[in-house]
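Here is a short tour for anyone meeting this structure for the first time. Take a look at it, then read on.

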Amino acid sequence: PRDMVGVEFQQTDGEPLPLSLYIPRTMSLPKAPQQDLEDCVQLFKKMVIDERLKQSKREQVLQYPEKLGACAAALKRHLINLNEGFAAVPDSLLTNVCVDKSMVTRVEFQVECPSNTMLAYMGDMFLSLYIAKDSFRHRYEPKDFQKAREQISNARALSRFFNEHLGADVVFAWYDPAQPDVKDSQKATHVEALIGMLYKC
């Protein structure tokens, strides 16, 4: 096909193998605005608050940039407790880990800030790659890799890591007063986002 590139495989003696691979000429994704790690505190300072919001609620919303900064600072403290080398990671980058998707989809205010969801996808892929490389090094069978991946990267295991090494003070999320606790899914997402952010930077 015109939009594909054909690659033929050859044996060491130069004879072609009965196998060929076709890959797209262009591997680019659909065009979209470029996204990079930003200081999310600064982005929340630019949020637009709904004019109909009550004054008491408005005052709470205006405190969100400061709260997000506090979450990033808390995350920094937890990471330094794990390894002092994390002191070199800027708080401004850590803000990207803390922003739960519930904070960027509100009707009370609009903010041009990404949640930690895409970083979490990256973190999940990096974690899977790490497990795959370790499995290859130890000559594990594919089924053993799948088992290890399920045991290490499932939400329960990641939330356990969150409980042991991080804490609810790193989560910048919109809480339901009736259910104020951080969910296991949110904990897992924050751990994956942390991994993604560290690889990204």
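This is a predicted model: local features need pLDDT of at least 70, side-chain atom pairs count only at pLDDT 80 or more; totals for chains, interfaces and linings use all residues.

## The overall layout

So what is the protein built from? It has eight helices and four strands.

The protein has 201 residues, and 34% of them are buried. As for contacts between residues at least 6 apart in sequence, 59% of them link residues at least 24 apart.

## Y199, in helix α8

Let's stop at Y199, which sits in helix α8, spanning residues 184–200. Is Y199 buried, exposed or partly exposed? Its relative accessible area is 49%, and because that value lies between the 20% and 50% cut-offs, Y199 is partly exposed.

Y199 and M122 are 77 residues apart along the chain, yet 8.5 Å is what separates their C-alpha atoms.

## K76, in helix α3

Now over to helix α3, which covers residues 64–82 and includes K76. With a relative accessible area of 13%, K76 falls under the 20% cut-off, so K76 is buried.

Which residues does K76 touch, once its neighbours within four places in sequence are left aside? Its contacts are F86, A87, V89, D91 and L94.

Methods
Residues are numbered from 1 along each chain as its sequence is written. Side-chain values use heavy atoms; hydrogens and water are left out. Helices (H or I, at least four residues) and strands (E, at least two) are DSSP runs, numbered from the N terminus. Buried means under 20% relative accessible area, exposed over 50%, partly exposed in between (1.4 Å probe, protein chains only). Contact means heavy atoms within 4.5 Å.
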